[in-house]
Amino acid sequence: MNRVFILTGMHRSGTSLLARFFENSGVRMGAEYLAIDERWKDTNPFGYFEDLAFVEFHKELLARCNDTRDDVMWVKHLPTFTEADRKRAAELVAVASGSGAAQAWGWKDPRTCFFLDLWAEILPDARFIFPYRDPDAVTDSLLKRHYLKRTSFRANREIYELWLLHNELILRFVERERSRCTVFSLERALNDIPTFVERFSEATGYPFSDAV
């Protein structure tokens, strides 16, 4: 049986770094990746490792009830799913999995946080990977990316609210699906990569490489 990994978390929480780590370990993370935005290439020099098909699907669902600004989701309402959405999701899985040809595959997209229940239903054997990062570090990273000053109270508040929403959704999901989830601190993982790789491989049952 091939393994499926769904990697998500708040924006600027190391999901791109982890997706590269997955790919270097032989996990197929997508056929066509989202192009690097030239404005932000310094913050993601290796790319986002986001499967374009899944990203576009998530954006379409969010666009029904939310606004977007600078490609960061400022969510007003959580999306609902239709039978058509479930069918589309299943079709994306069929294409991405390559009819089971890959030993391991998956995708990374921070927007997946809003669709955890949908993907848990479509992929009952998938493992969900949730890196988290200190909210101050996330805020600093997003402000730097969007050329905003730390003194902007509105920007600070909106980013903290967005961080809180992403992580609340993750925690609610983990409470229901604990056996399918791996949650870890990005900072702790980077402080001791060999130990992290060893423990992560044990937790997921997949032989990850430390070639990050």
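A salt bridge, as the term is used in this talk, is a side-chain nitrogen of Lys or Arg within 4 Å of a carboxyl oxygen of Asp or Glu. By that criterion, the side chains of arginine 111 and aspartate 109 form a salt bridge, at 2.6 Å from N to O. Both arginine 111 and aspartate 109 are buried, where buried means under 20% relative accessible area, exposed over 50%, and partly exposed in between, with a 1.4 Å probe and protein chains only.

Colleagues, this is a predicted model, in which local features need pLDDT of at least 70 and side-chain atom pairs count only at pLDDT 80 or more, while totals for chains, interfaces and linings use all residues. Residues are numbered from 1 along each chain as its sequence is written, and side-chain values use heavy atoms, with hydrogens and water left out.

I continue with the charged pairs. How many salt bridges does a search of the whole structure find? The search finds nine. Asp109 and Arg111 also belong to a network of salt bridges that includes Glu50 and Lys108.

Glutamate 60 pairs with arginine 88, their closest N and O atoms being 2.9 Å apart. Because glutamate 60 lies in helix H2 (residues 52-63) and arginine 88 in helix H3 (residues 83-97), this pair ties together parts that are 28 residues apart in sequence. Helices (H or I, at least four residues) and strands (E, at least two) are DSSP runs, numbered from the N terminus. Glutamate 60 is partly exposed at 42% relative accessible area, and arginine 88 is also partly exposed, at 29%.

A further salt bridge joins arginine 180 and glutamate 177, at 3.7 Å from N to O. Here arginine 180 is buried, with a relative accessible area of 12%, whereas glutamate 177 is partly exposed at 24%.

Let me turn to the interior. A nonpolar core is a set of buried Ala, Val, Leu, Ile, Met, Phe, Trp, Tyr and Cys residues joined through side-chain atoms within 4.5 Å. Which members of the largest core touch the most other members? Of its 28 residues, they are Trp105, Trp119, Leu123, Phe128 and Phe130. Elements giving two or more residues to this core include strand E1 (3-7), strand E4 (104-108), helix H4 (116-122) and helix H6 (153-176). Leaving aside residues up to four places away in sequence, phenylalanine 128 has contacts (heavy atoms within 4.5 Å) with Ile6, Leu116, Trp119, Ala120, Phe173, Arg180, Cys181 and Thr182. A second, separate core has 19 residues, among them Ala19, Leu186, Phe196 and Phe208.

Next, the aromatic rings. Rings of Phe, Tyr and Trp (its six-membered ring) pair if their centres lie within 6.5 Å; planes under 30 degrees apart count as stacked, over 60 as edge-to-face and the rest as tilted. The count comes to 23 aromatic pairs. One of them joins phenylalanine 21 and phenylalanine 22 edge-to-face, with 5.9 Å between centres and 70° between the planes. Phenylalanine 21 is buried at 2% relative accessible area, and phenylalanine 22 is buried at 0%.
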